[in-house]
Amino acid sequence: MFDTTQATWAAFWIIGAFVLFFALIPLLQTLPPRGRYMLIAVFTFISGLFFAAEFFLPVNEEGKNILTDPFQRLQGSLQVITALSLGLGTYGLIRLHLRNAVQRRPQWGYSLVLLIAFVTMAFFSVWNTLAEKELLGVQRTPLLERAFTLLFDYTLIQLDATMFSLIAFYIFSAAYRAFRIRSIEASILMFTAMVVMIGIVPLGKFISDSMGLPTTLTDEMRTNPFMLENILYNLRLPQIANWILNALNAPVQRAIEFGIGIGALAMAIRLWLSLERGIN
Amino acid sequence: MGSYQHAQDNWFAAFMIGFIALAVLINIWRARAGRELYIRRIPGLDAIDEAIGRSTELGRPVTMIPGLTAFGVEAVQALTIFKYITKQIARFATPMRLLTANATVYAVAQEAIADAYNEAGRPDLYDPDSVRFLSSEQFAFASGVAGLLQRERVAANFMFGIFFAESLIFAETGNIVGAVQIAGTVSITQVPFFVAACDYTIIGDEFYATSAYISREPVLLGSMVGQDLAKIAFGSLILGGAVLSTVLGADHPIIQLLGKPGGWEPFMEWIRLKLGGG
């Protein structure tokens with residue numbers, strides 16, 4: 001349940017976002033393209049400056065500065081924008097499939113199924129939410145319970161699981177293509193993948209044990225890395241698999257992540273200063 | 001282990017952010033001043049025109065999928081690429097579909113694609129239904145995309161953005177229908193799936209280089225050079241940090257400054273002690 005302050009804030013943000021949304025559209029359309037661009041650039045710069053200032057300003061013992069609370073409220077207002085655009089997206093989806101069904105376009109049957117599913121799911125979902133929150137005097141009924149369980153637990157979740165399980169088969173066919181030995185690189189990939197796959201499952205331990213390789217790392221072995229037992233211990237398949245994952249795979253992933261981070265930061269700066277004209 | 005919520009958590013990290021920003025801005029300024037900048041070849045991006053040509057020859061649609069990307073820098077980058085592809089498509093009147101799982105991306109994509117047709121001089125070819133919001137649910141979206149790829153037998157499939165488990169469903173379905181596929185993602189865990197199932201894969205920060213590569217705009221090229229300088233700086237820091245960590249030990253204040261949230265205070269304390277002691 002909301003308390004009064006939260007509810008007031010929520011109402012304030014929702015109404016404010018609506019007013020801003022519906023006031024800005026006609027205003028933007030009356031402006032010439034250059035004026036529109038300037039307005040958006042100034043708005044973007046001020047918003048970006050606010051978020052940057054919140055990060056750079058010193059904080060108190062609670063980890064907050066003067067902008068932290070408004071920052072959190074602003075993040076909440078972004079959800080309102082998302083909700084507005086979700087309405088737009090749903091409208092587009094319904095319009096397309098309604099037109100498909102009415103005009104009997106090719107494969108219009110699929111559109112009809114979508115529309116029926118959409119209306120049914122939306123109806124029971126709204127009913128269930130109202131009953132859950134005890135709003136508008138709506139009560140839970142056996143019909144609602146049964147329909148909701150049937151639609152969401154026995155249909156939606158199962159369909160999701162079905163799609164997810166398809167990935168197992170797709171991984172198999174993709175891996176078959178990737179591991180086909182066609183070049184030196186593919187051969188290295190195949191060999192490395194085999195070692196890692198065998199090394200991280202009990203088979204790797206079994207093979208290593210069968211070969212008589214040391215099973216534990218003693219203190220003496222730890223202090224002398226060039227000891228024969230130590231070298232043999234590190235030739236165990238689980239150790240090799242771990243080394244490939246931690247010493248080869250992880251650094252490469254981190255290097256890519258560094259590049260991604262820098263690229264995202266550069267892109268954010270270009271957007272903040274309206275230097276990025278890609279989709280303008 | 002804490003995290004970097006504010007600059008105060010580690011002023012050194014904040015300084016590095018400032019350094020990257022400065023490197024990017026200075027190089028943008030240099031590029032604007034007319035300085036010639038070099039950008040290496042990215043085969044995946046050269047193949048975009050080839051894939052569009054194939055779709056045109058076959059008369060089958062081109063699909064563009066920004067994945068589950070929420071509206072942010074990745075979405076802007078993906079839409080920039082899609083806008084370029086649409087401009088090329090518009091020249092040959094090839095049909096296209098842009099399929100999204102995010103309603104905000106959908107709203108912006110509609111504008112971007114309409115703009116692309118306008119800029120190509122073919123506003124008559126723009127079909128608002130070609131940009132589609134399918135579902136915000138991951139696997140409902142995945143099944144919607146897979147169904148469309150199968151039904152329309154697409155000839156080229158472009159996937160740029162953030163992807164999760166659904167990536168392989170898209171890529172394998174595209175492969176089954178024989179589409180030329182080019183993917184670019186910042187989702188590291190999905191890269192192996194794209195490499196296995198797509199013809200070309202754009203990895204990591206190459207994704208952010210795409211708009212510069214395609215447009216050759218000085219601002220973007222300058223930004224790329226700034227990014228490269230930042231990467232050299234980070235590389236040097238990593239090497240220096242590894243050497244120092246080996247020599248001084250992982251708990252030394254310099255190492256804490258380089259790699260840990262809250263590392264600023266022990267470092268300053270150490271400096272104060274050094275200065276006081278000296």
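Me: Which residue of β5(B) stands opposite B:N157?

Reply: This is a predicted model, in which local features need pLDDT of at least 70 and side-chain atom pairs count only at pLDDT 80 or more, while totals for chains, interfaces and linings use all residues. Residues are numbered from 1 along each chain as its sequence is written, and chains are lettered from A and ligands numbered from 1 in the order in which they are written. As a general idea, strands of a sheet pair through backbone hydrogen bonds, either parallel or antiparallel. Here B:N157 faces B:Q181 in β5(B), and B:F160 stands opposite B:G184 of that strand. Strand β4 (residues 156-162) and strand β5 (residues 180-185) of chain B pair in the parallel sense over six bridges, where pairing requires that DSSP find at least two bridges between two strands. Strands (E, at least two residues) and helices (H or I, at least four) are DSSP runs numbered from the N terminus.

Me: What is the order of the strands in the open sheet of chain B, and which are the edge strands?

Reply: The open sheet has six strands in the order β3-β2-β1-β4-β5-β6 (chain B), with parallel pairing. Its edges are β3 (131-133) and β6 (200-203) of chain B, each of which pairs on one side only. From one strand to the next, the twist averages 15°. Helix α3 (residues 73-92) of chain B packs on this sheet, touching β1 (62-67), β2 (96-100) and β4 of chain B, and its direction makes about 160° with that of β4(B); such angles run from 0 to 180 degrees between N-to-C directions, along lines fitted to C-alpha atoms, for helices over the stretch in contact.

Me: How many residues of β5(B) are buried?

Reply: In a regular strand the side chains alternate between the two faces of the sheet. Six of the six residues of β5(B) are buried, so the strand is largely enclosed by the rest of the structure. B:V180, B:I182 and B:G184 are buried on one side, and B:Q181, B:A183 and B:T185 on the other. A residue is called buried if 20 or more other C-beta atoms (placed from the backbone) lie within 10 Å of its own, exposed if 12 or fewer do, and partly exposed in between.

Me: Which residues touch the most other members of the largest nonpolar core?

Reply: In soluble globular proteins, nonpolar side chains tend to be buried together. A nonpolar core is a set of buried Ala, Val, Leu, Ile, Met, Phe, Trp, Tyr and Cys residues joined through C-beta atoms within 7 Å. The largest one has 92 residues, of which B:V62, B:I85, B:V145 and B:A156 touch the most other members, and its largest share, eleven residues, comes from α3(B). Leaving aside residues up to four places away in sequence, B:V145 touches B:I65, B:L99, B:L134 and B:F170. Another core, of five residues, lies apart from it and includes B:I255, B:L258, B:W264 and B:F267.

Me: How many residues of chain B are in contact with chain A?

Reply: Two residues are in contact if their C-beta atoms, placed from the backbone, lie within 7 Å. By that criterion 52 residues of chain B are in contact with 47 residues of chain A. Helix α9 (residues 218-248) of chain B gives the most to the side of chain B that touches chain A, with seven residues.

Me: Into which domains is chain A divided?

Reply: Domain bounds come from an automatic or database domain assignment, which divides chain A into domain 1 (8-105), domain 2 (106-177) and domain 3 (180-272). The C-alpha centres of domain 1 and domain 2 of chain A lie 29 Å apart, and their contact takes seven residues from each of the two. Chain B is divided into domain 1 (14-38 + 222-277) and domain 2 (43-215), with 36 Å between their centres, taken over C-alpha atoms.

Me: What value does phi take at A:R104, and where is this residue found?

Reply: Most residues other than glycine have a negative phi, and most peptide bonds are trans. A:R104 has a positive phi near 50° and is found in the loop between α3 (68-102) and α4 (108-132) of chain A. A:R104 is exposed, with 9 other C-beta atoms within 10 Å. A:E134 also has a positive phi, near 55°, and lies in the loop between α4 and α5 (142-179) of chain A; with 11 other C-beta atoms within 10 Å, A:E134 is exposed.
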